[in-house]
Amino acid sequence: MSNYANTKDELDSLKERLPKWLEASKSLSTGGKVASYIPELSKAPQQALGIHIIDASGDSVSAGDCGLSFTMQSISKVFTLLLALMDNGEKAVFDKVGMEPTGDSFNSMLKLELVQPGIPFNPLINAGAIVISSLIAGSGPDEKAERTLQFFRSLSGNERLQFDLAVYQSESETADLNRSMAYFLKDNGVLEGNVHDVLDVYFRHCSVQAQCADLARMALVLAYDGTDPITGVNLVPRRYVQIAKTFMVTCGMYNASGEFAIEVGLPAKSGVSGGILTLVPGRYGIGLIGPALNPKGNSISGVHLLETLSKELDWSLF
Ligand SMILES: NC(=O)CC[C@H](N)C(=O)O
């Protein structure tokens with residue numbers, strides 16, 4: 001699982017090779033589309049592509065537009081799942097969300113009515129992530145959102161992480177599909193609590209603003225089974241990280257997860273802002289941004305760059 005015995009040599013060689021791989025992938029962004037169903041997201045630069053790769057000693061290599069800030073969107077779902085597991089335990093969480101990929105798009109509610117019991121298929125589709133938001137502990141939406149932000153800060157080692165209020169507001173004003181899903185889940189007895197409050201927590205965690213280096217550091221914690229190898233602090237029980245990484249392999253790239261597993265072979269999670277968080281277990285955390293999306297909603301240039309990296313360096317787990 002890598003052509004190099006140690007990450008230091010590999011990172012050294014990447015310093016030379018990564019920029020040209022990035023340029024080749026970047027040219028694909030003209031063939032993609034920046035998400036616009038959340039109007040504020042449409043302001044992102046279509047051509048941008050940036051990547052940051054960090055190892056356990058804190059050595060890193062980055063290339064491209066790493067200074068770009070973007071919202072985590074669906075990438076946040078991996079970490080709200082972890083928080084909900086830590087707050088409630090496995091049984092309570094999986095009474096309300098399933099463990100299977102859907103093969104449908106991330107915002108589909110088709111199977112909620114078709115398949116009984118009507119619980120969302122998994123925690124990484126919108127329906128599942130909204131139920132997960134309802135399970136985060138806290139006295140109200142403010143406390144739940146604040147606890148989530150604090151958790152993201154501790155994982156990223158970045159106390160300055162914040163909500164992007166413009167994106168939050170833009171999503172909250174236009175989220176009729178997510179809203180209808182949440183009411184449907186409430187009527188089915190799957191979602192408990194006030195629908196407005198639950199969605200408020202969901203929109204807020206999707207709007208956490210980050211850069212590639214933040215995603216890379218969060219991914220590094222997953223790559224080291226829940227312990228930040230840089231500080232030595234255990235942040236998440238190993239079992240929950242194992243669950244999250246498995247979902248990333250089976251559902252993390254929406255209904256392109258099978259193809260991604262074949263072409264890249266790493267646990268990953270994408271978001272509609274064009275971010276991708278991925279990791280090489282025991283080696284690296286990786287954060288990437290490329291706002292132009294392919295038809296399945298994943299960064300078109302980002303997926304290409306990860307395919308190149310995985311193939312050139314033999315990173316696939318399989
Ligand atoms: N795929 C995504 O990144 C979707 C997240 C977005 N906040 C939504 O609910 O539509």
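Reader: Which domains does the assignment give?
Author: This is a predicted model.

Reader: Ligand next. What surrounds it?
Author: Gln 73, Ser 74, Phe 106, Asn 107, Asn 126, Glu 171, Asn 178, Cys 206, Gly 271, Val 272 and Gly 297. By class, the shell has three nonpolar residues, seven polar and one charged.

Reader: Which domains does the shell draw from?
Author: Domain 1 and domain 2, with at least three residues from each.

Reader: Take Gln 73. Where is it?
Author: Gln 73 sits in the loop between β4 (70-71) and α2.

Reader: Buried or exposed?
Author: Gln 73 is buried, because 25 other C-beta atoms lie within 10 Å. The cut-off for buried is 20 or more.

Reader: What does Gln 73 touch, leaving out residues up to four places away in sequence?
Author: Cys 206, Gly 271, Val 272, Ser 273 and Gly 275. Gln 73 and Gly 271 are 198 residues apart along the chain, yet their C-alpha atoms are separated by 5.1 Å.

Reader: Back to α10. How many of its residues are buried?
Author: Twelve of its twelve, so α10 is mostly covered. Among them are Asp 214 and Arg 217. From first C-alpha to last, α10 reaches 16 Å, close to the 16 Å expected at 1.5 Å a residue.

Reader: Now α6. What span should its 16 residues have?
Author: At 1.5 Å a residue, helix α6 (residues 141-156) should span 22 Å. Its end C-alpha atoms are 22 Å apart, which agrees.

Reader: Which residues of α6 are buried?
Author: Pro 141, Lys 144, Ala 145, Thr 148, Phe 151, Phe 152, Leu 155 and Ser 156. Seen down the axis of α6, the buried residues fall within an arc of 125°, so they line one face of the helix.

Reader: Why would that spacing work?
Author: An α-helix has 3.6 residues a turn, so residues three or four places apart point the same way.

Reader: What covers the buried residues of α6?
Author: The cover includes α2 (76-88), α9 (195-206), β6 (208-210) and α10 (212-223). Just after α6, Gly 157 takes a positive phi of about 65°.

Reader: Which residues other than glycine have a positive phi?
Author: Asp 225 is one of them, at about 55°. Tyr 254 is another, near 60°. Most residues other than glycine have a negative phi.

Reader: Where do Asp 225 and Tyr 254 sit?
Author: Asp 225 is in the loop between α10 and α11. Tyr 254 is in the loop between α11 and α12 (257-263).

Reader: Buried or partly exposed?
Author: Asp 225 counts as partly exposed, with 18 C-beta neighbours inside 10 Å. Tyr 254 has 24, so Tyr 254 counts as buried.

Reader: Last one. Where is the cis peptide bond?
Author: Between Gln 116 and Pro 117, with omega about -5°. Pro 117 lies in the loop between α4 (110-114) and α5 (126-135).

How values were computed: Residues numbered from 1 in each chain as written. Predicted model: local features only at pLDDT ≥ 70, side-chain atom pairs only at ≥ 80, totals over all residues. Near = placed C-beta within 6 Å. Nonpolar A, V, L, I, M, F, W, Y, C, P; charged D, E, K, R; others polar. Domains from an automatic or database assignment. Helix = DSSP H or I, 4+ residues; strand = E, 2+ residues; numbered from the N terminus. Expected span 1.5 Å × (residues − 1). Arc of directions from axis to C-beta. Contact = placed C-beta atoms within 7 Å.
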